[in-house]
Amino acid sequence: MLQFGLAGNPNCGKTALFNELTGSTAHVGNWAGVTVDRKEGTYKSKNGENVGIIDLPGIYSLSPYTPEEIIARNFIINDTPDLIINIIDATNLERNLYLTTQILEIDCPVVIALNMMDIVEKQGDTIDIDGLSSILGVPVVPISALTGKGVDKLMEVAIKTASKKRDGKSILMNSPIKDAIVQVQTLLEEHNIPHVVFNAVKLLEADSISLENPLLSDHKDELKAVLDKIEENDIYNDVEAIVADLRYKFITEYCSPRINRKRAVTELSTSDKFDKVLTNKFLGIPIFLVFMFLVFHFTFSESLFGIEGLPSPGVFLQGLAESGVGIFSDFVAGLLETAGASDWVFGFVIDGIIGGVGAVLSFVPQILCLFLFLSILEDSGYMARAAFIMDQIFRHFGLSGRSFLPLLMGFGCSVPAIMGARTLENDRDRKITMLIVPFFSCGAKLPIYAMFTAALFKENSDLVVFGMYLIGIVTAVICAIILKKVVFKDENAPFIMELPQYHCPRAKSLILLLWEKLKGYLFRAGTVILASTIVIWFLSNFSFRLEMVGSGSAESILGVFGNILVPFFKPLGFVNGNDGWKAVVAILTGLIAKEAVVSTMGVLYNPSIGGDALEDDIARQALLGIIAVSFTPASAIAFMAFNLLSVPCIAAVSAARAELNSKKWTAFAILFWICTAWIVSFLIYNIGTLLGF
């Protein structure tokens, strides 16, 4: 099977093209030895031929400055793909072509996908495709990844091109440094070093990866002699800067004239006009907060815009999910009754497995709704503006707006958000960002909020959930300021960010994203959460003598262990009474997966009576009723805040350990999260109690 790599700058539409090509065949793993995502899938051509597609990380060059650049470079050079599809944003042709001039130096067939041509045409601009192809020496195919236009033609050309051998060529061969490149290239050819043109240029640039190439280990002295001789000529001082300048001059002189722009350079585009409002110094942040509130309102509100009987899409879909879980629960209960199952089997299946896992699954529609709305904002190009807007705030507490991107990822999952911090330029920003990422509420914590708002804050559920997110953000800001003043004292790094064009998100991409999220939750529900639910049911129903004591008994294994930790949590208000240990145990199981907090409470705060399951709707209301009398509004918010701010799941802790690469810093991070969660929850409960909540 042929294997193609997708290479391009960030925001060039590479992921949209990958989704268009691979559809449901896509899967995500990790590159060997690192935690950067590796996305792979299969393209099925009309003639039945399958092609493996590898989505390389978004990069600006093939220089060894970031892990992403090294990964893309190593894949192209070492994994020898059959072809590289270089995706170029046609609305930013000059900037994108810098990477292209480097890719063309590698001995590999290349096809250029000129993306976003629909936007170019809408602007009234034209690009001389044939002329550009002639200059670059490789096929250029105009496409629109979002609409799918030209994608089949691209793959048809790519499959044909992959069968033809191609030697790397450099645009620098018509420049003043041609002689130096030829000298190094000749030496590499004598010793059969692959990608001679690319490596020759990189060696002249004193590129560390090329200099450490094991194939050159036996010829280092000879190579050093050649490079030293070249460096004696003054024109070769700072070759890296010279090469960069020559690449841009080539693009400006030969490629830019192929673009015929209808609009004057000084004339504002549609995106620019939107940005005058959405990124305004005074209006930007209020508009961002309004957008975020609307997202939560459409996800969690019991009455949309205050209209009675009109729930938000999230609440409506949650009701359908609850009905589905209830129907399944009744069906299984009927089978067990017919089979004459014992009380403990009945309790294990209905209260343990279905009650625990079902409690999580019933909130999945709201989670998917939230991801859908956030994805629409991201795919439209607005979230990149949000990072720009937040920079003016972030600078006051020691970070740049660049940190907003991994922190924003934290709203989805802390694991990729922590990994994403590695793209930040200095060590201080990376560490502070990783430490505060868990405060940005991930999707796994949503079921906790949904359960408590349904029990205690039904009339203001959207405001309460929005408030929980704000608590996380405000806590992150305060902690970042403290870390900057006490632990880290470096200067702020400059913030430079490219803003993509606004465009309408494509339904297919959104559906694929939601399907991936749904698969992820179903997988967790069927593995981690199911396993933890079974263990929790057993530990909450049996004593240390392995005698069945009944669900929620203080004499159970969990009851004994939870009561040991009650004094630590007592000042936080949610462990009062004989059942206080149940909240402690729920917090501890959240270390496995935050969704397990809900499944644990579904098992421990069990609404079954005498071993017989109640009807589903009544059972759910009974469970919410028990929670409502077990918590006050202040203690409920304190409980949610502790789960929001405390140690994230084991997967996130493992990611932090890998990124921090230090046992000392990992221990500091865990202690930092616990202390922050305890202090904030303590303040919320005690201040809330004083105010009468």
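This is a short tour of a predicted model, one selection at a time.

Before you click, note that residues are numbered from 1 along each chain as its sequence is written, and that side-chain values use heavy atoms, with hydrogens and water left out. Because the model is predicted, local features need pLDDT of at least 70 and side-chain atom pairs count only at pLDDT 80 or more, while totals for chains, interfaces and linings use all residues.

**Stop 1: the annotated pair**

Asn19 sits in helix α1, residues 14–22 (helices are DSSP runs of H or I with at least four residues, strands are runs of E with at least two, and both are numbered from the N terminus). Is Asn19 buried or exposed? At 18% relative accessibility, Asn19 is buried (buried means under 20% relative accessible area, exposed over 50%, partly exposed in between, with a 1.4 Å probe and protein chains only).

**Stop 2**

Most residues other than glycine have a negative phi. Now pick Met116, a non-glycine with a positive phi of about 65°. Look for Met116 in the loop between β6 (110–115) and α4 (117–122); it is buried, at 12% relative accessible area.

Next, jump to Ala206, in the loop between α8 (196–204) and α9 (208–211). Ala206 isn't a glycine either, yet has a positive phi of about 60°. With a relative accessible area of 51%, Ala206 is exposed.

**Stop 3: a negative patch**

Select Glu189, Glu190, Asp221 and Glu222, which gather in a patch of negative charge on the surface. Patch members have over 30% relative accessible area and no salt bridge; like charges are joined within 9 Å, and nonpolar side chains (Val, Leu, Ile, Met, Phe, Trp, Tyr) within 5 Å. A salt bridge is a side-chain nitrogen of Lys or Arg within 4 Å of a carboxyl oxygen of Asp or Glu. Helices α7 (178–190) and α10 (220–231) each supply at least two of the patch residues. Glu189, in α7, is partly exposed at 43%.

**Stop 4: a nonpolar patch**

Finally, select Ile679, Phe682, Leu683, Ile687, Leu691 and Phe693: together this nonpolar surface patch has about 600 Å² of accessible area. Ile679 is partly exposed at 47%, and Phe682 is partly exposed at 31%.

Note on methods: Areas by Shrake-Rupley, 256 points an atom, 1.4 Å probe, with all protein chains shown as cover. Lys, Arg positive; Asp, Glu negative; His and termini not counted. Charge placed at Lys NZ, Arg CZ, Asp CG, Glu CD.
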